[in-house]
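Thank you for asking me to look over this structure with you. Below are some numbered points, written so that you can follow them with the model open beside the text.

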Amino acid sequence: MSLLSQIIQFLFTGLTIGSIYAMVGLGFNIIYNATGIINFAQGEFVMLGGMVMVWLTTAFNLPLPAGFLLSVLIVTCIGAAFERLAIFPLKKPPVLILIIITLAGSIIFKGAAMLLWGKQTYSLPHFSGEEPLHLLGATILPQALWIIGILMAVVALLAFFFNFTIPGKAMRACSVNPVAASLVGINVKRIVLLSFAMSAGIGAAAGIAFTPIVLMEFDRGALLGLKGFCAAVLGGLGNGTGAVIAGLLIGVLESFGAGFISSEYKDAIALGVLLIVLLVRPSGLMGSREAARLKEF
Amino acid sequence: MLILKNINTFYGDIHVLKNVSLHIGQGEIVALIGANGAGKSTLLNTISGIVAPRSGRISCGGSDITGMSADRIVREGISQVPEGRQIFGPLSVLDNLRLGAYCRRGSGAAQRIDDDIALMYEMFPRLHERREQLAGTLSGGEQQMVAIARALMSAPRLLLLDEPSMGLAPMVVSEIFRAIARLRDQHATTVFLVEQNAKMALKYADRGYVIETGKIMFEGSSQYLLENHEVQRAYLGRQKKPIWE
């Protein structure tokens, strides 16, 4: 394999995994913007997406598109239920307590998944076959293109939602100033509910697309959540564009590190880059522009 | 229109509003004047549902609104222009206005909202020029106009204004106050105005209340308050200076 085809190979592997990190990072940002909470259950939504999809397609023989939509819907409802049961009943809770609640939530989701589906790993068929595409000597799985495509679809939908719809603008208003938002008649608690539902749905979509190439098991959520958190922080917490760029960047760095140095150091490389960037630019890559100062999503 | 009866509000253990009772009639401009920390903003926030009173009753147009959440109270027709403007900085002026109409739904609402946006532009032509600009990049006076227009977009029966003159140049202040007077005259909006700038507030208001450390101390027509010696001495800066010689 020539160096060029190796580079292309690693680049695509990196963009694939990076797309997953980006989607998890976007989920972190949506909830952070609406509530100021870091939702540590974010990675579990990814795991649940994959597991529910496996369950639906094996137990009920659902075809792929229906299974995909239904799984996303189910996990979206789980996210909404989590907010209603664990976050909503509290009166004026401090953010730290909320964060600890999400940590508890992640443990509960993980435990429930283990009870329901056991400790074994599950797989899903690839969306459109496993016949790899060849590009300058590199082999690219069609599933990788699916994952990158789903990220692009999610980004496009979010951009439309936040810039062209009233609920999206209301959500941004809540993140800028929740008190003023309630003074124009926005039900802030409902926006919080919506943010949890959306984050869970995006996480689930990522998990479903990811399962065919990596296998899914009950405790996969934590590490994915951590990487997604890295993407969110590296991009500048609360900044959607930043999360996508940083997620892809972390994925590519990991992939090159694993390919050229050693796959043992994969996670260390991602976290090392995060540490260095935060030392130099504590606000993250996109965190200091003027729009970001005004807390733009 | 709005009636407060024996309202007591606390921040933790601090007793901020002490048995406050007042009433505002349809189509009136009523001013609430008082020093820093007297409880003026707390009173507005209690009406708006941002803080809940510990005891007492608030009713608006006959219906009891005590303890309702802030967004419900907007639907009841009470809209607040908060202190320090609190506009949505990263959103455009037009988006700020559209969000002001957030709770107006139903058939024909879209058309009426567009009509009202046109009305706001007519009232504040500067906002029309800057409609696509991010609201956070506007000058203080323009931001105050955005805040007032945003509050009016919910088509309120009662407009609560918290320190509209704060941090603004005197010329801008009179422009804002003229707009408030015009609102009442042309659109029959009832206005409850909180001000430290007592002279300006009483010049435009029909009646006024004076609040001191959480208690209503005086009430009456603006004329009466402007001529009251106590009020003059404390809030209008007409203290007779002793002459030494």
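1. The lining of the second largest pocket consists of 13 nonpolar, six polar and five charged residues. Please keep in mind throughout that this is a predicted model. The space in this second largest pocket comes to about 540 Å³, and among the 24 residues that line it, A:Thr13, A:Ile17, A:Phe210, A:Val214 and A:Lys266 lie nearest its centre.

2. Which elements supply the lining of the second largest pocket? At least two residues each come from helix 1, strand 2 (138-140), helix 8, helix 9 (221-235), helix 10 (240-260) and helix 11 (266-280) of chain A, and the largest share, seven residues, belongs to helix 1 of chain A.

3. The largest pocket has a volume of about 1200 Å³, and of its 36 lining residues the closest to the centre are A:Lys91, A:Lys92, A:Pro93, A:Val188 and A:Lys189. Two or more lining residues are given by each of several elements of chain A, namely helix 1 (3-35), helix 3 (64-87), helix 4 (95-117), helix 6 (166-176), helix 7 (178-183) and helix 8 (188-214), and also by helix 2 (70-75) of chain B.

4. For the largest pocket, too, helix 1 of chain A provides the largest share of the lining, here with four residues. By residue class, the lining of the largest pocket divides into 20 nonpolar, nine polar and seven charged residues.

5. Turning to chain B, is strand 7 buried or exposed? Five of the five residues of strand 7 (residues 158-162) of chain B are buried, so this strand is largely enclosed by the rest of the structure. If you follow the directions of its residues, B:Leu158, B:Leu160 and B:Asp162 point one way from strand 7 of chain B, while B:Leu159 and B:Leu161 point the other way, and all of them are buried.

6. Strand 7 of chain B has a parallel pairing with strand 6 (residues 78-81) of chain B, over four bridges, and a parallel pairing with strand 8 (residues 190-195) of chain B, over five bridges.

7. Finally, please trace the chain through strand 7 of chain B, helix 7 (residues 170-187) of chain B and strand 8 of chain B, which make a right-handed β-α-β unit.

Note on methods:
Residues are numbered from 1 along each chain as its sequence is written. Chains are lettered from A and ligands numbered from 1 in the order in which they are written. This is a predicted model: local features need pLDDT of at least 70, side-chain atom pairs count only at pLDDT 80 or more; totals for chains, interfaces and linings use all residues. Side-chain values use heavy atoms; hydrogens and water are left out. On a 1 Å grid over the protein atoms alone, a cavity is a set of points where a 1.4 Å probe fits but cannot get out, and a pocket is an open set with protein on both sides within 12 Å along at least five of seven lines; lining residues have an atom within 4 Å of a point. Grid points are joined across faces, edges and corners, and a volume is the space filled by probe spheres set on the points. Ala, Val, Leu, Ile, Met, Phe, Trp, Tyr, Cys and Pro count as nonpolar, Asp, Glu, Lys and Arg as charged, and the others, Gly among them, as polar. Buried means under 20% relative accessible area, exposed over 50%, partly exposed in between (1.4 Å probe, protein chains only). Two strands pair if DSSP finds at least two bridges between them. A crossover is right-handed if, with the strands pointing away from the viewer, the path from the first strand over the helix to the second runs clockwise.
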